[in-house]
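Here is a short report on one structure.

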Amino acid sequence: AHKDASFSSSNTISKDMPPHPHRLIQECHDKVEENVRYSFENIESNWDLLHQEGEMKIFKMEQEIDGIVLDPLKATHTVRKVTANEMCRMFWDLKYRMDWDGTLDWCKSLETLAPDTFVCHQMMRRVWPATQRDTCFLSHIRKLDLSHQTQGDVGSWIVVNYSVDHPDAASKCIRAKINVCMLCQTFLDPPDTKLENATRDNLVCKIYYVAHANPGGWVPSSVIRAVYKREYPKFLRRFSGHVVDSFKNKPITY
Ligand code: 6CM
């Protein structure tokens, strides 16, 4: 029921909460469309299971260009007691970032383009023996309308983080390039629960996370693959645990 080859930004934009206009809105539409497609693409034989833990599954596809590791990464996870909105909001909103992202020295917003879109500059922690990396990316959150293709979905949200240039993002280290997305869908368990009667115990959030990263320069492939193998499961575990803890006594937001 999840598969549909005919996504376009016009048929996934939520009618009740369309995105705010700004100078990079078309690029945001394109990245949303591309990442919705990546999220729902089938895992074929060219993907390897990197890690499995409960309902969390992380796959990678080995890919190198000129000796630089580009391994795309795809993860799916199911987390209970939270909604897609809560997951995506915590992933997007910079004020929570340092509470869950252990790979960073710092992060800051360089420019707010709209209430749902800003330019983020982040410094990654240095990983020995590689040179330190930073990233500068547009971060955009939006409500999706996937009701036409997923039965039982009571609210879908997406965050896309994709690299952009910005005059205020000067840096002395190496700039990594990213195209990352977190897409979440809320379901109710049991499925016939009335939305207005649902409690946190009825919430099931399905997560699709896709990361394309270019380290921006050579790093020994064994080092970068070891970092990914350690850090992506840690991130998904820590992030989802943090969202569950943060919202446990709060009213539900779809
Ligand atoms: O998605 C994650 N975090 C977001 C908020 O911070 C944001 C960041 C994405 C960065 C993705 C990883 C880029 C890796 C670039 C190459 C670095 C090479 C370092 C040298 C190592 C030897 O979307 C969670 C990110 C979890 C990262 C593992």
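## Ligand shell

By class, the shell around the ligand holds 14 nonpolar, 4 polar and 3 charged residues. The model is predicted. Of the 21 residues around the ligand, the nearest are Ala130, Ala176, Val180, Ala213 and Glu231.

Which element gives the most to this shell? Helix H5 does, with 6 residues. H5 spans 221-247. Strands S8, S11 and S12 are also suppliers: each of these, like H5, provides at least two residues of the shell around the ligand.

## Helix H3

Is H3 mostly covered or mostly open? H3 is mostly covered, as 8 of its 9 residues are buried. The buried residues in H3 are Ala84, Asn85, Glu86, Met87, Cys88, Met90, Phe91 and Trp92.

What covers them? The cover includes helix H4 (94-100) and strand S9 (156-163). S8, S11, S12 and H5 are also among the elements that cover the buried residues of H3.

## Backbone features

Most peptide bonds are trans, and most residues other than glycine have a negative phi. The table lists the exceptions described here.

| Site | Feature | Value |
|---|---|---|
| Trp128 to Pro129 | cis peptide bond | omega near 5° |
| Asp189 to Pro190 | cis peptide bond | omega near 0° |
| Asp66 | positive phi | near 50° |
| Lys81 | positive phi | about 75° |

Pro129 sits in the loop between strand S7 (117-124) and strand S8 (133-144). Pro190 sits in the loop between strand S11 (177-188) and strand S12 (203-214).

Asp66 lies in the loop between strand S3 (64-65) and strand S4 (68-69).

Lys81 is in the loop between strand S5 (73-80) and helix H3 (84-92). How many other C-beta atoms lie within 10 Å of Lys81? There are 18, so Lys81 is partly exposed. A residue is buried at 20 or more. On the H3 side of that loop, Ala84 is buried.

Methods. Residues numbered from 1 in each chain as written. Predicted model: local features only at pLDDT ≥ 70, side-chain atom pairs only at ≥ 80, totals over all residues. Helix = DSSP H or I, 4+ residues; strand = E, 2+ residues; numbered from the N terminus. Buried ≥ 20, exposed ≤ 12 C-beta atoms within 10 Å, placed from the backbone. Near = placed C-beta within 6 Å. Nonpolar A, V, L, I, M, F, W, Y, C, P; charged D, E, K, R; others polar. Contact = placed C-beta atoms within 7 Å.
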